[in-house]
Each structure stands twice: as structure tokens, then as C-alpha cells.
Amino acid sequence: MNLSPLGLFALLASLSVAPLAKAAPLYSTADIFPPGKKHTHSSSIVQSPNGDLLACWYHGSGERTADDVLVQGARLRKGAKRWGPVFTMADTPGFPDCNPVLHVDALGRLRLFWVAVLAHRWECSLLKVRRAEIFDEPGPPDWSWQDVVPLKPGPEFAQTMEQRFGEIQLNTEMWAEYARPYEDLLLKAARDPFKRQTGWMPRTRPLTLPGGRILLPLYSDGFNASLVAISDDHGDTWRASRPIIGLGPIQPSLAKRRDGTIVAFCRDSGPPPGRVMASLSRDNGETWSAARDTDLPNPGSSLEVTVLQDGRWLIVYNDSTRSRDNLTAALSADEGRTWPIKRRLEPQGDGATSFGYPAVLQATDGAVHLTYTCNGPRGNRIRHGILQPAQITAK
């Protein structure tokens, strides 16, 4: 083929532009189901072996005090543009079912963790689990087994709490006999075996360590603290770590550094200033340092972190100390010590005003999938977002 210089230039230009034209956008979204009036919250997402995406959330006329609340789910078939029909994932008749979390273990089995709320009180929640070996067919997974997850934190729970309170030097100069200091009330509760063993709730995805150990992050509204459930037998049995103690560190999300240190990034449910809190474990999740503030803002809302395939860390959170009116992604090149690169993902200009409780999954093709609560004048729903992390660079 003979081309003039002008024709050759045009050909080369077309070849260089074509790949850019096909590139996926930095961020795209689609609601899993239409907005509705009922409360819909706290989602989780996993990828099935066949490439499907499976998501779940809780749905009903309220939260812990609404007995019609159940866990729902939906499936996005590989290559499909729209999510399939909503189906029931778990329903304990007469009790609210909340805070579902999905996890695929090293044996390729799916687990659903969630809580059935007893007495309409978060601190009385019962941690439950379901397992499925077959979960890549249309509709809900084929559940083969179900049980509760009993945890038995021992007397060291209170000992660790007292030690950490001493490390962070709480200011309790003002108190009265009828209004004991904050730490005194919590330490009294921590010495009660029943209170130590109940009310532990999931929110973020488990972390599987290279040796196969699974760490399931849990938190308690009763203690305003967290811990992890540890399994060394692929999730068949669980035991409790020492607690993560600070001024309100709850809903931890875990990531592992190259030196083995595990970082728990926590929602701040303590006093101002609102900051994402962090605690470290250097013994594979057995014990945790006192949770302390980071530089990332937090308005009392959940977040999730993941380690990307290229080694960078990604955190999705509300970049605010006051509200959930935005959803932001931040990247770290130093394993969560600093987060210099940020991109605002929401709002998208469609009228939605609140975005919270993100779940984060990097699929095998490198794309990052998010699900999160999305509310506004049109109603409540779970939104699915697709983020291309390779396109996030410093401005």
C-alpha cells in the first residue's frame, strides 16, 4: 500500500486514538435496583469463579427495631450490562437481619456472615453464617450449611481495654458517683462474660493471610470497640482476638503490609475531630495497638480499604467530618501511611445526596467494583460503581 505523507500521518493518528476511544471511563455507576422508600443499607460484593458478581445488603422498614428487615442479594452475570432480579439471601422470621458480608474462602466456598438482632438492640446481636459450594447459578446461592458463630473473649479482654485506655490517656477529670467515667463503665461491662460474648457484628470483608488464616473484622456498639474473629481451618471454627480499643474505633477494614503488619482502618465513633482511626497488629491479628487518629476525615461512617494488584492501597470513604454527602477514593503508595491522591466519585449530579458504607472488590480483570448505600429525594438503593484504578494519577 502506497501512502502519501499526509495519508501516513492520518493512519498513525487513527491508530493512536483508537485505543483511547475504547478505554473504560474512570468511574461509571448503575443502581442495582430502582430507588424505593424502604431502608436499604450495608452492602457487600464478591466475584464468583465464573466471573459473575454477587452483591448483598439488608432491606426493610428500618434497622434493628424493624422485624421485617432481611438480607437481599442480586447477581451481575459476566458480560451483562444490568443486574438481575433481587432475591432473598437470609431471613430470620420475626427478627431484623442486618450487616451482611460475603467472603469466598481458599477452597472456593462462599460464606455469608450477618447478624440477627435480638431484643431490638445492636449489643444483643447474634452473629450467623451460611455456606454454599454452588453460587454461580442464577438466583440465590445453594446454601448447604448454616450456624451461629460463637466467640468467647476471655478476661484478657478487660485487661487489654484497661491497658489501652492508659496508653491513650483519657481525660476524665470530671465525674460524679452517679455518672462514672466512660472507661469505668466499659471496664465493668468488659468483666461480664455474657456482654463480652454477644453483640459482635460484621461490616467489612474478611482478610485471608498467605498461610490461610482468615480474619473476620467485627465491632460492638455496646463496647464502641472492635476485634477480629480468627479461623485457621478455612472458616469452620472461630476464636476472638484481643480487642481494638480507642475512642470509638468500630467497623474495621483490614490490609496487610509487605512486612506482615496488618492495619485496621476504623470508623470514628468517638469525640471530635472526626478522623479515620488506625490500629496495628504484628502477630497475624492476635493483638492490636491502641487505635489512633489518622489524617483522613471521617463523619462517623464506614469505609473499606483494599490492596490493589499493582501494590498500591485504595481506600473508599466519606471525605468529610460532618456528613456522607460525598464518596471519595484515595490511593497510597506507602502502604497506608499517607494518601496523597484523591478522587471524588460522588455525587454524580443525579439528585442523590448521601453515599455510605462502601464495599470494595478488585476483580480479576483489574477493575475495582464498589457497592454502597445511595440515598436522596428519589429514594434509597444500592449503587454499583466501576473504578479504573490505573487511571487515577496525581493531578
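Strands β12 and β13 (residues 225–231) pair through seven bridges in the antiparallel sense. The model is a predicted one, in which local features need pLDDT of at least 70 and side-chain atom pairs count only at pLDDT 80 or more, while totals for chains, interfaces and linings use all residues. Residues are numbered from 1 along each chain as its sequence is written, and side-chain values use heavy atoms, with hydrogens and water left out.

**Terms for strands and burial**

- Strands (E, at least two residues) and helices (H or I, at least four) are DSSP runs numbered from the N terminus.
- Two strands count as paired if DSSP finds at least two bridges between them.
- Strands of a sheet pair through backbone hydrogen bonds, in either a parallel or an antiparallel arrangement.
- A residue is buried under 20% relative accessible area, exposed over 50%, and partly exposed in between (1.4 Å probe, protein chains only).

- Strand β12 spans residues 214–220, and seven of its seven residues are buried.
- Ile 214, Leu 216, Leu 218 and Ser 220 point one way from β12, whereas Leu 215, Pro 217 and Tyr 219 point the other way; all are buried.
- Strand β11 (residues 207–208) is joined to β12 by two bridges in the antiparallel sense, with Leu 207 opposite Leu 215 of β12.
- Five residues separate β11 and β12 in their hairpin, where Gly 212 in the turn has a positive phi of about 105°.
- Strand β10 (residues 201–202) also runs antiparallel to β12, with two bridges between them; Pro 202 has Leu 218 of β12 as its bridge partner.

- Arg 213 is located in the loop between β11 and β12.
- Arg 213 counts as buried because its relative accessible area is 15%.
- The side chain of Arg 213 makes a polar contact of 2.7 Å with the side chain of Asp 232, and another polar contact, of 3.0 Å, joins the side chains of Arg 213 and Glu 286.
- A polar contact is a pair of N or O atoms within 3.5 Å; within protein, one atom must be able to donate a hydrogen and the other to accept it, and residues adjacent in sequence count only if both atoms are side-chain atoms.

**The open sheet β15-β16-β17-β18**

- Four strands form an open sheet in the order β15-β16-β17-β18, with antiparallel pairing.
- The edge strands are β15 (249–256) and β18 (292–297), each of which pairs on one side only.
- From one strand to the next, the twist averages 35°; axes are lines fitted to C-alpha atoms, for helices over the stretch in contact, and angles run from 0 to 180 degrees between N-to-C directions.
- Within this sheet, β16 (residues 262–268) and β17 (residues 275–281) are antiparallel and share five bridges.
- Ile 262 stands opposite Ser 281 in β17.

- Strand β20 (residues 313–317) is mostly covered, as five of its five residues are buried.
- Trp 313, Ile 315 and Tyr 317 point one way from β20, and Leu 314 and Val 316 point the other way.
- Strand β19 (residues 304–307) pairs with β20 over four bridges in the antiparallel sense, and Val 305 has Ile 315 as its bridge partner in β20.
- The hairpin of β19 and β20 has five residues between the strands, with Gly 311 at a positive phi near 95°.
- Five bridges join β20 to β21, and these strands run antiparallel; the bridge partner of Val 316 in β21 is Ala 329.
- Ser 332 is found in β21 (residues 327–332) and counts as buried because its relative accessibility is 1%.
- A polar atom of the Ser 332 side chain lies 2.8 Å from the backbone oxygen of Thr 338.
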